[in-house]
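This report goes through a single protein model and describes how some of its parts are packed. The sequence and the structure come first.

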Amino acid sequence: MRTVLFVFNGDPMCFIHVLLNALDMHGRGHAVSVVLEGKAVTLVPEVVALEHPLHALFVQVHRAGLLDGACRACSKKLGVDGAIEAANVPLIGEMQGHPSMAAYMERGYTVISF
């Protein structure tokens, strides 16, 4: 099974569940990817700080190669594109600057959005 988790919500309490589920799915042998969209892109500059409570989970997801990227258009609009690039998170967006859910579906992924 292939799943992509699109996280739009900029609430850290939502994001923790995305990170936990991505690691759980990966640990169970599922192909899983995480895409940050909308307000969620603003979380990257926060969670890269060592003192942030989600830092360790974010690093685990990133090191496991589960983070496909962050929306290029939203990152630029919200002024965090530089911080996202500095965190080595790819800026993606083949749909007028936004990641395409349909492109994931065409590659056999089930799309879940948060």
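The model is a predicted one.

In soluble globular proteins, nonpolar side chains tend to be buried together. In this model the largest nonpolar core has 30 residues, and those that touch the most other members are Phe15, Val34, Leu36, Val41, Phe58, Ile84 and Val89. Two or more residues each come from strand 1 (2-7), helix 1, strand 2, helix 2, helix 3 and strand 3. The greatest share is that of helix 1, which supplies six residues.

Another core, of six residues, lies apart from the largest one, and its members include Val4, Phe6, Ile92 and Tyr109.

**Helix 3**

Helix 3 spans residues 55-63, and His55, Leu57, Phe58 and Val61 are buried in it. These four lie on the same side of helix 3, because they cover an arc of only 165° around the axis. Their packing partners are helix 1 (12-27), strand 2 (31-36), helix 2 (44-47) and strand 3 (67-71). Phe58, one of these buried residues, is also among the core residues that touch the most other members.

His62 is found in helix 3 as well. This residue counts as partly exposed, because its relative accessibility is 24% and the cut-off for buried is under 20%. Apart from neighbours within four places in sequence, His62 is in contact with Leu67, Ala87, Asn88 and Val89. Between His62 and Met101 there are 20 Å in space, C-alpha to C-alpha, and the two are 39 residues apart in sequence. Just after helix 3 comes Gly65, with a positive phi of about 75°.

**Two buried loop residues**

Ala40 sits in the loop between strand 2 and helix 2. Its relative accessible area is 0%, so Ala40 is buried. If residues up to four places away in sequence are not counted, Ala40 touches Val7, Phe8, Asn9 and Gly10. Ala40 and Val89 are 49 residues apart in sequence, and their C-alpha atoms are 13 Å apart in space.

Ser100 belongs to the loop between strand 4 (91-92) and helix 6 (101-106). With a relative accessibility of 9%, Ser100 counts as buried. A polar atom of the Ser100 side chain lies 3.3 Å from the backbone nitrogen of Ala102. Beyond its neighbours within four places in sequence, Ser100 is in contact with Phe6, Glu94 and Met95. Phe6 is a member of the core of six residues.

**Salt bridge**

How many salt bridges does the structure hold? There is one. It joins Arg28 and Asp24, with 2.9 Å between the closest N and O atoms. Arg28 is exposed, whereas Asp24 is partly exposed.

**Accessibility of the residues discussed**

The table lists the single residues with their values.

| Residue | Relative accessibility | Class |
|---|---|---|
| Ala40 | 0% | buried |
| Ser100 | 9% | buried |
| His62 | 24% | partly exposed |
| Asp24 | 35% | partly exposed |
| Arg28 | 62% | exposed |

Notes: Residues are numbered from 1 along each chain as its sequence is written. This is a predicted model: local features need pLDDT of at least 70, side-chain atom pairs count only at pLDDT 80 or more; totals for chains, interfaces and linings use all residues. Side-chain values use heavy atoms; hydrogens and water are left out. Buried means under 20% relative accessible area, exposed over 50%, partly exposed in between (1.4 Å probe, protein chains only). The arc is that of the directions from the helix axis to the C-beta atoms. Contact means heavy atoms within 4.5 Å. A polar contact is a pair of N or O atoms within 3.5 Å; within protein, one must be able to donate a hydrogen and the other to accept it, and residues adjacent in sequence count only if both atoms are side-chain atoms. A salt bridge is a side-chain nitrogen of Lys or Arg within 4 Å of a carboxyl oxygen of Asp or Glu. A nonpolar core is a set of buried Ala, Val, Leu, Ile, Met, Phe, Trp, Tyr and Cys residues joined through side-chain atoms within 4.5 Å.
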